[in-house]
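Thanks for coming, everyone. Let me put the structure up, and then I will walk through it.

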Amino acid sequence: MLRHWLILSFGLVLIIIANLIILVPALILQRAIDGISHGADARALTLYALQIVGIAIVAGGFQFLSRFVVNSVARRVEYEMRRDLFRHFQRMDVAYFQERKIGDLVARATNDLSQVRQMLGPGIQNLANSTVAIIVTGIAMVTIDPRLTLYSLTVMPLMSVFFVLVSGSIHRRYRLVQDQFGEVSARAQENFSGIRVVKAYAQEQAELDGFNRINAEYVRRAISFARVNSLLWPAMYFISGLAVAVLLWRGGVDVITGRITLGRLVQFNTYLAALAWPMIALGWTVNLVQQGSASLSRITEVREAIPAIANAPEASPDAAPTRGEIEFRHVSFSYGERETLHDISIHVPAGSSLAIVGPTGAGKSTIVNLLARVYDVTSGAVLIDGHDVRDIPLEELRRAIGYVPQENFLFSLSIRENVGFGASDLTEEELARALDISQLANDVADFPDDVATMIGERGVTLSGGQKQRAGIARAIAKDPLILILDDSLSSVDTHTEAAILKRLRGVMEGRTSIVIAHRISTIKDLDQIVVLDEGRIVERGSHLALLALGGLYAGMYRRQLLAEEMEEDEPDIEASARSSLERDGARLSDTGREGEEG
Amino acid sequence: MAQSFFQDDEILGKAYDARLVRRIWEFVRPYKRQGSITLLVALLVVGDDLLAPFITQLAIDRYIAPTHPSAMSVADRMNGALLMGGLYLLTLAVGFGLRYSQTFALSVLGQRIMYDLRSSLFRHMQRLSLGFFDHNPVGRLMTRITNDVDAINDLFTSGSVALLTDLLTLVGIIIILFVENWQLALVVCLVIPPLAFATSRFQRVMREVFRAIRVRLARINANVAENIAGTQVVQLFNREDRNFGYFDDLNHDYYRTTLRSLTLFAAFLPVVNLFAAVATALIVRVGGGQTVAGLLSLGALVAFLQYTDRFFLPVRDLADRYTTLQSAMASSERIFRVLDEPVTIADPANPIPLTSVRGAVEFRDVWFSYNREEWVLKGVSFRIEPGESVAFVGATGAGKTSLISLMSRFYDVQRGEVLLDGVNVRDVAQADLRRHIGAVLQDPFIFAGTIASNIRLGESDISDERVREAARFVNAAGFIEQLPNGYDEVTRERGAGLSVGQKQLLAFARAIAFNPEVLLILDEATSSVDTATEALIQDALEKLMRGRTSIIIAHRLSTIRHVDRIIVLHKGRIVEQGSHDDLLARNGYYKRLYELQYAESVTGA
């Protein structure tokens, strides 16, 4: 910060020097005109001409330096602000992004930032340049001829009055335009992301109408902005010209009466012309500053948001998870006004496994999100190895957890980098193992560049199932203390799922794991099963105990089995389950192979 | 991520490209009248501007310092000076009015054209096939419709017209100078060739640097968007620092490139000023000599100096104008590339109207590929009778989803044909076709709006009552009514705050609200809903399937027990079909799939 100010001050000094030098040519011109009117000789004229060019060279050097110095500071600041904004975004919690439009946030990191840079670079440079030019030229004029200066500069205060009148209005209107720009972006983004639905329901026309309404509002606001903004330039031009008109009259009279020479009048005229540009630039600068500060306030708004999830001051590395014992202690959680979890208490001993089942919207994902501190509890506490997760440094907490989120997000990186996303130096063996467990190895072998294949636009587009499997590989590659699978196999076909589950059993050994699933078959062998309904734990226990209870779980299981039996005449649930268990091992691998080759 | 750049964003703009200008002209044409008036006003502004030094010359030669001062009384000369001052003021006032009307009219014109451009882009994109959206990231498409359109706006407000007035000013000044004194004018014109040379050199280098900057900025923007969208994963995997490292490389690379452009920009103005000084020096030396010799009046000499000063003003702006033009050309190139994107899935010239649809679906030897390399469907033929329900089963990649997409004509088949009631889907208007096909897609997309608006979408014909009915039908009413504002509860972008299951139910309600008379297509839609809800949906489905041709895609065999027929797909071919019992008895691929499903249900994790 201080460095920027120092460089900026240096730039300012350069600007002052450059402007002082620029005063000189008008002086030479005055001498030349007066010389010419008294019949100067060729030698004198050549001397005047050479002086004019020489001064321009020196002034140009200073101009170049000052422009470069000031603008490079602006670029540097842009770089740093963008960097800080990115850092800030990285620290913000997931809920923050859910409540906002991504397109709008990106616009702030790009468009608004370049507006701020415009304000700082060309803005400051012009502001300084204009101010210095006006002051220096003004002083020079007063020194040479106070009376003539008074005549020609009386109109200048009009300029300030005018600024004060319009600048607030411009600022307000510009902000409205920018806000609507965000709306246009957001609407377009939504349409393009949801284009399948739009097309499937033949909503193209309705979407176009909706977009055009926003589009028209944007135009309306832009025109309202232009109505005031268009005044700036012409007004600057007018007011600076006004001074010349006065000079022509009063100065002309002074020449006629013999008070001043014609050369002096021309000199003054040159100074006024030299003032006109800074005056006009000042108007333009005001524009830049208006837009820049509107943009700056949009950025500041983002920067001032406080991440809801952050390291507590008392967070200590000593609290880092080592064993993986998890406890939910009277946990409640509200999302907005709605309470989605109510008084949840669960204890998961280190190395054991927990299954969470229950109907849609019961709060299953919320529970694991509280563990990973995607959100924080409203009341109660989540503990790992006896430490409240809020007292564990976030980095340590997340290092301990391998999470496969319900809605997966992969980056436009290579397969290798996506799988190794949480593991900084993944060996070939570890990579191969993760790909094998997640059953992605065969798919990857078919990709053009094997594990170096890029995901996304510049490479392959993964299917839903492949994405989920990549998500599993990514979590496994991290070799976490605690493994969380949140409905992670829903898009994977049945025999791939069977193969993944079989291999996952080895992975889960010695780790604490939490599995959320819709199908009980996925989780029935886990150590502990919790049944969630409307944010409350309604049942808990082992698979057999829950079946014996004959409640919600038993009902779910019965329905699933019934469905899966496909009208096969097999009334005894337990018997059918047992008999399947006896058959499954051999067939699983057989059919798996069939499926791949046949 | 670090390497993720978009070819499209690397278009190297020329400052003037006749082909593009003609395309832009199509959008200007409707406003020809307003445009011409604006141009006319711009001309008047130039004329008004050029009047000022002439008034000065008149004032000096007639009143202030006439060659024969004694010819006029001092009082008359003073009045003359006042008159000239007043005249000058008048040109200023006229200039102000003209300039304001021109600037404002130009802004309005620009905005109207922008509206049309955005609207055309959006409309065209609505007609493009899904293949287009598969290949173009959303961020890029957004840039087309926002930033690129804005860059063209600059072309109007600060580019083309300003450039034109600049040129007119330059030409006007040169003409005036020659009329005043052609010898002196010729001498002043000596600076023009080297000035032109320096300017064109500058532009050439600027163009390279400009391109480099744009490419880098596009990379930064893509990276920021991806990181915001993937925040949760970045945080859960402690990737902040490494992702920041990638980003910082991009950001720093951009910063370094901008410094290069800065050097050029900083140098340009002093160089132009130097040329202006040389011109002034030439006037003093040569013109001064002429004045001394009595060949040139003092007023004319002063006017010469003033005109020359004005000559260099537009030249100083040239750099900015050039950048504006170049960026507008690059943007328009990208915009027209989208507008020129052929509508591969187009409505026929004379679509066959679908009046009363019975719902017979037929695939006749259908071959289909997304990329023309790998066949997804290889000669698939089947016929589904009106009212019949059919389930497609098979492993991932068997081609099930493609079947659905072809039925809705999201893509066109390469060979064979898809028929609805014996009519090729290509011969029907898409909107007409899709009105009869209710589709629940894999991704239950939720729009920003309300619960109700997500069910009825843009169809105002769908009454509140029908929305509620649909929600009740698919058992979505339960969770909706528990929301604080019920059906008016605000939904955020992509349905944040709703569970996947809830979004799924909403998508069901949406399909049902549209009451597709004929077809209901469910694309593995039941996979993310829990067992209890799934049972309710099964129940709703059964009701729906009655009297409707239904196609169900499901990975879970358990969800298809109620269908009339099952078609088993394997690697793009139909391997078996028949009823569940028939297929089991056949002891083939389906039997193995089924048993695997059954075995897996007791394997556990």
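**Sheets, helices and an interface**

A word on what you are seeing. This is a predicted model, so local features need pLDDT of at least 70, side-chain atom pairs count only at pLDDT 80 or more, and totals for chains, interfaces and linings use all residues. Residues are numbered from 1 along each chain as its sequence is written, while chains are lettered from A and ligands numbered from 1 in the order in which they are written.

Back to the turn. Strand 1 and strand 2 of chain A form a hairpin with 2 residues between them. A:Gly336 sits in that turn, with a positive phi of about 70 degrees. The two strands run antiparallel and are joined by 7 bridges. When I say strand, I mean a DSSP run of E with at least two residues; a helix is a run of H or I with at least four, and both are numbered from the N terminus. Two strands pair if DSSP finds at least two bridges between them.

Now the sheet around that hairpin. In what order do its 4 strands come? The order is 2-1-4-5, in an open, antiparallel sheet of chain A. Its edges are strand 2 (338-348) and strand 5 (387-388) of chain A, each pairing on one side only. Strand 1 (residues 326-335) of chain A is joined to strand 4 of chain A by 5 bridges, again antiparallel. There, A:Phe328 stands opposite A:Val382 in strand 4. Strand 4 (residues 379-384) of chain A then pairs with strand 5 over 2 bridges, in the antiparallel sense. A:Leu383 faces A:Asp388 in strand 5 of chain A as its opposite residue.

Next sheet. Chain A also has 6 strands in an open sheet, order 6-7-8-3-9-10, and here the pairing is mixed. Strand 6 (401-404) and strand 10 (536-541) of chain A are the edges; each pairs on one side only. Neighbouring strands are turned by 15 degrees against each other on average, direction ignored. Inside the sheet, strand 3 (residues 353-357) and strand 8 (residues 512-516) of chain A run parallel, joined by 4 bridges. A:Ile356 has A:Ile516 in strand 8 of chain A as its bridge partner.

Which helices pack on this sheet? Helix 10 (residues 364-371) of chain A lies across strand 3, strand 7 (482-486), strand 8 and strand 9 (528-533) of chain A. It runs at about 150 degrees to strand 8 of chain A. Helix 15 (residues 464-477) of chain A touches strand 6 and strand 7 of chain A, and its direction makes about 180 degrees with that of strand 6. Angles run from 0 to 180 degrees between N-to-C directions, with axes fitted to C-alpha atoms, for helices over the stretch in contact.

On to helix against helix. Helix 5 (residues 146-153) and helix 8 (residues 204-257) of chain A pack at about 145 degrees, with their axes 8 Å apart. On the helix 5 side, the contact uses A:Leu148, A:Tyr151, A:Ser152 and A:Leu153. Their partners in helix 8 of chain A include A:Ala243, A:Val246 and A:Arg250. Contact means C-beta atoms, placed from the backbone, within 7 Å. The residues of this contact divide into 6 nonpolar, 2 polar and 2 charged. Nonpolar here is Ala, Val, Leu, Ile, Met, Phe, Trp, Tyr, Cys and Pro; charged is Asp, Glu, Lys and Arg; the others, Gly among them, are polar.

One residue to look at: A:Ala26, in helix 1 (residues 2-37) of chain A. Is A:Ala26 buried or exposed? A:Ala26 counts as buried because it has 22 C-beta neighbours inside 10 Å. The cut-offs are 20 or more other C-beta atoms within 10 Å for buried, 12 or fewer for exposed, and partly exposed in between. Among the residues A:Ala26 touches are A:Gln267 and A:Ala274. A:Ala274 is 248 residues away along the chain, yet the C-alpha atoms are separated by 9.3 Å.

Now the partner. Chain B has 19 helices and 12 strands. Of its 605 residues, 49% count as buried. How many residues of chain B are in contact with chain A? The count is 145, against 158 residues of chain A. Helix 9 (residues 240-292) of chain B gives the most to that side, with 27 residues. The side divides into 77 nonpolar, 46 polar and 22 charged.

Last, confidence. Mean pLDDT, the predictor's confidence in each residue from 0 to 100, is 83 for chain A, and 93% of its residues reach 70 or more. Strand 4 of chain A is highest, at 94, and helix 20 (residues 573-597) of chain A is lowest, at a mean of 34. Where pLDDT is low, the predicted coordinates should not be read in detail.

Definitions and conventions:
Two residues are in contact if their C-beta atoms, placed from the backbone, lie within 7 Å. Lists of a residue's contacts leave out its neighbours within four places in sequence.
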